[in-house]
Amino acid sequence: MRTPRRTTGVCAIGLLDTVLRAGVRVPDDLSVVGYDDSRFTSLPGIDLTSVRQDIPKMARLAVKAVDERLERPTRKPKDVALRPKLVVRGTTSPPRAAQG
């Protein structure tokens with residue numbers, strides 16, 4: 001069985017590389033946020049702000065939903081929402097005051 005790839009962190013790191021090579025200052029000129037908080041996002045030199053999700057909890061809830069559906073197929077499905085966590089690191093800063 002293959003492990004699913006997390007790609008948004010890789011995309012954000014690719015973006016970081018591209019904008020830094022173009023002379024854009026992160027986070028002074030541009031804030032960058034990834035969405036998977038994989039292990040390498042916290043490495044020195046990357047330090048990517050990222051959104052973290054509780055993947056094990058998501059999996060448990062999904063299995064539970066499938067079990068419930070198999071037991072009672074006519075029961076209406078439930079909506080479930082989990083709160084993600086923003087892990088702030090070095091690629092974001094507060095917005096600057098609007099210039100007008």
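**Close-up views of a predicted model**

**View 1. Gly34 and its partner across the strands.** Gly34 stands opposite Ser50, a residue of strand S2. The structure shown is a predicted model. The strands in this view are S1, residues 33–34, and S2, residues 49–52, and they pair in the parallel sense. Their pairing covers 2 bridges.

**View 2. Strand S2 beside strand S3.** Strand S3 spans residues 85–87 and runs antiparallel to S2. The two are joined by 3 bridges. In S3, Val87 is the bridge partner of Ser50. Ser50 also has Gly34 opposite it.

**View 3. The peptide bond between Val26 and Pro27.** Val26 and Pro27 are joined by a cis peptide bond. The omega angle of this bond is about 5°. Pro27 belongs to the loop between helix H1 (8–21) and strand S1.

**View 4. Asp37 in the loop between S1 and S2.** The loop that links S1 and S2 contains Asp37. Asp37 is not a glycine, yet its phi is positive, at about 50°. Asp37 counts as buried because its relative accessibility is 12%, and buried means under 20%.

**View 5. Asp47 in the loop between S1 and S2.** Asp47 lies in the loop between S1 and S2. For Asp47, phi is positive at about 45°, although the residue is not a glycine. The relative accessible area of Asp47 is 33%, so this residue is partly exposed. That class lies between the buried limit of 20% and the exposed limit of 50%.

Definitions and conventions: Residues numbered from 1 in each chain as written. Predicted model: local features only at pLDDT ≥ 70, side-chain atom pairs only at ≥ 80, totals over all residues. Heavy atoms only, no water. Pairing = 2+ DSSP bridges. Helix = DSSP H or I, 4+ residues; strand = E, 2+ residues; numbered from the N terminus. Buried < 20%, exposed > 50% of the residue type's maximum accessible area, 1.4 Å probe, protein only.
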